[in-house]
Amino acid sequence: MSEAATTTAESPSLLEAMGGRALNVAESMGQFTMLVRSSLFWAIRAPIEWRQTVTQMLHIGVQSAPVSILTSLFTGMVLALETGSSFINLFNEPVFTGTIVSFAITKELGPVMTAVVVSGRAGAAIAAELGTMKVTEQIDALYTLGTDPVRYLVIPRVIAFLIVLPILSIFSDFAGVFGGGLVGYLKLGIPPNIYWHEVFDHLDTEQFFHGLVKTFFFAFCISFISCFKGIFTRGGAEGVGRATTEAVVYSMVSVLVADYFITAILVAIGIT
Amino acid sequence: MIDAEGVKKQFGPRVILRGVDVKVETGETFVLIGGSGSGKSTFLKSCIGLVRPDSGSIIVDSMDITKLRDEESIAKYRRKFGYLFQEAALFDSLTVADNVVFGLRYLRPDISETKYRAIATDKLALVGLKGIEDLKPSQLSGGMKKRVSLARAIAAEPGYVLYDEPTTGLDPIMSDIINDLILDLKKKLGVTSIVVTHDMKSAFKIADRIAMIYEGRILQVGHPDVMKITNNEMVRQFVEGRSEGPIKMKLKEYD
């Protein structure tokens with residue numbers, strides 16, 4: 001009885017727990033804003049670390065390209081199979097399969113799937129690397145050597161993401177549309193010339209641009225969230241694990257949320 | 001000269017520094033001793049601006065780090081210092097040579113690549129290392145890492161060097177080698193140093209003056225010989241390494 005009473009007295013009330021949580025969220029948001037502000041400051045005031053940036057571009061590209069291309073290839077394949085077989089049921093032939101696959105891949109699935117895959121591969125790697133640097137005092141060492149970690153670690157990664165993610169997305173677009181064509185030919189009996197005719201008859205640069213513009217926002221979200229989670233890691237190896245998981249989850253969620261709002265803005269300004 | 005006055009710091013409910021007053025003269029090796037959690041590392045980090053004190057001032061060459069706000073002035077202030085981390089904190093992705101000249105690349109971007117290499121070799125020779133320029137930190141032993149970190153700390157020839165537990169985790173012979181290096185660097189470069197340690201053998205060997213910090217306050221400052229025969233019971237207990245005395249440390253967390 002007395003033990004239970006002690007436990008109740010020591011554990012925080014619901015209101016205290018909620019207040020504590022709200023304070024943590026507010027603190028994190030403040031730190032994130034400061035990180036973005038500091039990045040802008042150093043991007044303007046100091047030369048870009050191009051050596052670091054190129055290294056990061058290679059890391060992100062090499063780590064993520066095979067997985068994102070493979071994912072997109074199969075997404076295009078399944079999309080063609082679903083739409084083609086549905087249209088066979090409805091119209092007795094797989095009409096407009098190329099058009100639907102190319103629209104869905106270039107405007108939506110290519111950029112989003114690439115961003116999700118890159119969050120899991122490169123985003124996690126960045127959070128783990130910076131988190132380890134934090135807990136082994138390497139970030140503090142940068143400060144003591146008169147170098148701001150934002151300038152040396154964050155800006156190269158953000159720039160690398162802004163360059164590499166759109167390129168990966170273009171590769172994914174090609175892979176996805178090609179996958180659709182492969183299934184269209186092998187499973188649905190669509191002749192390749194018909195499939196590609198359906199693709200290029202309706203797809204123009206505006207649709208391509210619609211998908212591409214999203215990737216810049218996704219790159220911004222993933223790179224800043226991953227760097228933020230890494231640089232503000234607390235609590236040793238366990239903290240690095242937590243930071244890595246949170247970086248991936250928050251990056252993926254932010255990509256999906258941002259996707260809707262960017263699409264809404266693009267539709268509103270007539271880029272459809 | 002490093003002049004700290006009334007430095008206070010707390011992290012949440014935990015009060016770490018309760019008003020530290022320390023004056024380190026130019027060219028002096030000042031050793032700060034104290035138990036785990038006494039606030040000595042927090043004070044050292046405050047001196048270089050890694051921790052911002054809640055109140056008080058730390059003035060180095062007329063610059064008060066507690067008053068500096070913009071990133072550029074803080075970076076400029078920090079370049080006066082070299083800092084040896086407890087776990088060396090070498091950059092895993094860089095070679096030993098790149099680690100050593102890392103700070104110098106920002107301070108002197110006009111230097112040619114071959115000159116950087118020559119500087120790295122010189123500084124490594126100063127700490128007794130040769131032919132390891134192209135190795136990665138993961139290929140080095142603990143003692144070598146500490147020495148490379150020391151070479152990195154002095155690469156830009158700072159006026160001040162801060163040592164955070166330089167002998168912790170090393171065997172007695174390597175500890176003595178590090179002590180000799182600290183003395184040697186003082187003689188050759190004339191640097192002003194603050195050394196944080198709980199290794200009393202090391203403290204007595206390298207210190208010009210020793211200060212003991214306990215629960216965020218300086219208990220006593222004095223010459224090593226004075227600290228050996230002090231009447232202050234707490235300092236005496238710590239210096240002699242006795243478990244009995246006025247300083248009560250918990251044997252078990254639930255005691």
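Student: Is Glu215(B) buried, partly exposed or exposed?
Tutor: This is a predicted model, and the class comes from a neighbour count. Buried needs 20 or more C-beta atoms within 10 Å, and exposed means 12 or fewer. Glu215(B) has 16 C-beta neighbours inside 10 Å, so this residue counts as partly exposed.

Student: Where does Glu215(B) lie?
Tutor: Look at two strands of chain B, S9 (209–214) and S10 (217–222). Phi of Glu215(B) is positive, near 50°, and the residue is not a glycine. Glu215(B) sits in the loop between S9 and S10.

Student: What class does Glu165(B) fall in, buried or exposed?
Tutor: Glu165(B) is in the loop from strand S7 (160–164) to helix H7 (172–189) of chain B. Its phi is also positive, near 45°. The cut-off for buried is 20 or more neighbours. Glu165(B) has 20 C-beta neighbours inside 10 Å, so the class is buried.

Student: Which residue of S8(B) is the bridge partner of Ile33(B)?
Tutor: Strand S3 (29–33) of chain B runs parallel to S8(B), joined by five bridges. In S8(B), Ile33(B) pairs with Thr197(B).

Student: Which residue in S8(B) stands opposite Val161(B)?
Tutor: S7(B) and S8(B) are parallel, with five bridges. With H7(B), they form a right-handed β-α-β unit. Opposite Val161(B) stands Ser193(B).

Definitions and conventions: Residues are numbered from 1 along each chain as its sequence is written. Chains are lettered from A and ligands numbered from 1 in the order in which they are written. This is a predicted model: local features need pLDDT of at least 70, side-chain atom pairs count only at pLDDT 80 or more; totals for chains, interfaces and linings use all residues. Helices (H or I, at least four residues) and strands (E, at least two) are DSSP runs, numbered from the N terminus. Two strands pair if DSSP finds at least two bridges between them. A crossover is right-handed if, with the strands pointing away from the viewer, the path from the first strand over the helix to the second runs clockwise.
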